[in-house]
Amino acid sequence: MTFYGYERPDGRVGVRNYVLILPASVCASDTTRIVAQQVNGAVTFNNQQGCSQVESDQQLTMDVMAGYAANPNVYGTVVVSLGCENCQMDLVVKAIQERTNKPLKQVIIQEVGGTLKAVDIAVRYAKEMAAEASLLQKKEFPMSELIVGTECGGSDPTSGLAANPVIGELSDRLVKDGGCSILSETTEFIGAEHILAKRAATPEVHDRILEIVRRYEKALRLVGEEVREGNPSPGNKAGGITTLEEKSLGCIHKGGHSPVMAVYDYAKQVKAKGGLVIMDTPGNDPSSVAAMAAGGAQVVVFSSGRGSPTGNPIVPVVKITGNKLTFAKMEDNIDLDASPLIYGEKTLEELGGELYELVRQVACGRQTKAEALGFTEMAIARVCNYV
Amino acid sequence: MLNAMRIDPADNVVVAIEPIAKGEVVEFDADGEVRQLTALEDITIYHKLACRDIPQGEPVIKYGQHIGSAVTDIKTGQHVHVHNVESHSENLD
């Protein structure tokens, strides 16, 4: 199987062709919004970070910014900074250039003489980039060029019964075809981490899986919280979930049955053609999706029992539900109904095949429901409070 | 009509995909063949019931994996939940 995508100068393949107007901090975010509104083909997001962070926290923000600019769905990037933020322009530019050699322009608001001048310059840069991007012709590529992120949010019992196993089937097919699938949401491995660790390809990966879970638990203990206590929640139990292992097993089904080849920290660059890998992300959907986009995922597949609108500025997000009532109620938000698996009307292989074909079509340019509605919400993970 | 789902052939529980009343026949697909058992209790939708007898101390298996162990003998058709299953995770380390 193949798809048609955009070849980038760094050798990666995009499935969209955006110009990213990248705010280096919260103080540049309104400016980038104005710039992106002015240029067809430009995208941006509201960066609530970029300043007054401790080092490890700032690193998460830097990795998301650099990863977004490097994501192959982006043709080129115009970075806009205020000038005095901790995420200084030279640091952001260096972080981007360590990941990619794609077109890159910079505008520092305090240096060019305020918002209006910065907007003028940035719009001209972006307009020029969008014009260059529009000349690019798509080419045919094997599915092995795809990195697909997987996510679940607004889960209900049908997520573990149908939607997540169907995503697992997609993941296995993509891995078999030489591609890469990312399993995310460390908080939702807890209780099943020993099962996941058994699937590690090497002893190092095994230890890393246990390490990211322990690290997460330790970070939460610092603020007096214990993940395993009170989990599964009373709501989970009422829904039929008995133990934490059971809850987490439903989540890790998104990773199918392939061996786990690597574990990546939040928003780090994922190697293409790397098989099934894990990224250490929160269960929070917009920040987990953002990390996988920063890691280089060109498409994210997202299961939701209750129905979720989540999109992303640079990556199409494909929604799937195992709940037929949710699909009927929220068809405007959900791309695929996996409930026929529960009722024996379709097999896992059939639905996995349907989802794989849908991902292929989305890679070729088909709009997801979230794209059609213009949803681009995202968040960046934090390690601690502002300083 | 199917009213329960077996997720993995190794599982000793099935999941109700409709509300099931005590005494009702439970039907689920097992590799293309419909299997039947009788519900010994009312089962809420998406809750589990045993599709094999599970002796006390034996693992409860869903998704082909251990999700806990039986704290009492559980008979085929009985509700499987927090009252008769305990988590394994405390004993991992």
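## A starting point

A:Glu354 has a relative accessible area of 30% and counts as partly exposed (buried means under 20% relative accessible area, exposed over 50%, partly exposed in between, with a 1.4 Å probe and protein chains only). Its side chain meets that of A:Lys346 in a salt bridge, with 2.9 Å from N to O. A salt bridge here is a side-chain nitrogen of Lys or Arg within 4 Å of a carboxyl oxygen of Asp or Glu. A:Lys346 is also partly exposed, at 29% relative accessibility. Elsewhere, salt bridges with shared partners join A:Glu193, A:Glu217, A:Arg221, A:Glu226 and A:Arg228 into one network.

This is a predicted model, in which local features need pLDDT of at least 70 and side-chain atom pairs count only at pLDDT 80 or more, while totals for chains, interfaces and linings use all residues. Residues are numbered from 1 along each chain as its sequence is written, chains are lettered from A and ligands numbered from 1 in the order in which they are written, and side-chain values use heavy atoms, with hydrogens and water left out.

## Chain A as a whole

The secondary structure of chain A consists of 14 helices and 14 strands (DSSP runs numbered from the N terminus: helices are H or I with at least four residues, strands are E with at least two). For its 387 residues, a compact globule would have a radius of gyration near 21 Å, and the 20 Å of chain A agrees with this. That radius is taken over C-alpha atoms, and the globule rule is 2.2 Å times the number of residues to the power 0.38. Along the principal axes, the C-alpha trace spans about 60 × 50 × 40 Å.

Of the 387 residues in chain A, 60% are buried. Among its contacts between residues at least 6 apart in sequence, 72% join residues at least 24 apart (contact means heavy atoms within 4.5 Å). Chain A exposes about 14900 Å², with 52% of that supplied by carbon and sulfur atoms; the areas come from the Shrake-Rupley method with a 1.4 Å probe, and for residues only the protein chains shown count as cover.

## Chain B as a whole

Chain B has 0 helices and 9 strands. Its radius of gyration is 13 Å, close to the 12 Å that the globule rule gives for 93 residues, so chain B is as compact as a globular protein of that length. The C-alpha atoms fill a box of roughly 45 × 25 × 20 Å along the principal axes.

In chain B, 47% of the 93 residues count as buried. Residues 24 or more positions apart make up 46% of the contacts with a separation of 6 or more. The accessible surface comes to about 4500 Å², and 47% of it belongs to carbon and sulfur atoms.

## Charges and salt bridges

Chain A carries 38 positive and 46 negative side chains, and the centres of the two sets lie 2 Å apart. Chain B carries 7 positive and 16 negative side chains, with 2 Å between the two centres. Lys and Arg count as positive and Asp and Glu as negative, while His and the chain ends are not counted; the place of a charge is NZ of Lys, CZ of Arg, CG of Asp or CD of Glu.

Over all chains there are 24 salt bridges. One of them joins A:Arg16 and A:Glu371, at 2.8 Å from N to O. A:Arg16 lies in the loop between β2 (13-14) and β3 (18-23) of chain A and A:Glu371 in helix α14 (residues 369-372) of chain A, so this pair ties together parts that are 355 residues apart in sequence. Both A:Arg16 and A:Glu371 are buried.

A:Arg124 and A:Asp120 form another salt bridge, their closest N and O atoms being 2.7 Å apart. These two residues are 4 residues apart in helix α5 (residues 115-134) of chain A, which means that about one helical turn separates them. A:Arg124 is exposed, at 53% relative accessibility, whereas A:Asp120 is partly exposed at 37%.

A:Arg8 is found in the loop between β1 (2-7) and β2 of chain A. This residue is buried but has no salt bridge, and the nearest side chain of opposite charge, A:Asp10, is 6.7 Å away. Leaving out residues up to four places away in sequence, A:Arg8 touches several residues, including A:Arg16, A:Pro72, A:Tyr75 and A:Leu136.

A:Asp63 belongs to helix α2 (residues 55-70) of chain A and is buried, with a relative accessible area of 9%. Beyond its neighbours within four places in sequence, its contacts include A:Arg99, A:Tyr266 and A:Ala294. A:Asp63 and A:Gln269 are 206 residues apart in sequence, and their C-alpha atoms are 8.6 Å apart in space.

A:Glu211 lies in helix α8 (residues 203-222) of chain A and is partly exposed, at 34% relative accessibility. Its C-alpha atom is separated by 16 Å from that of A:Ala201, 10 residues away along the chain.
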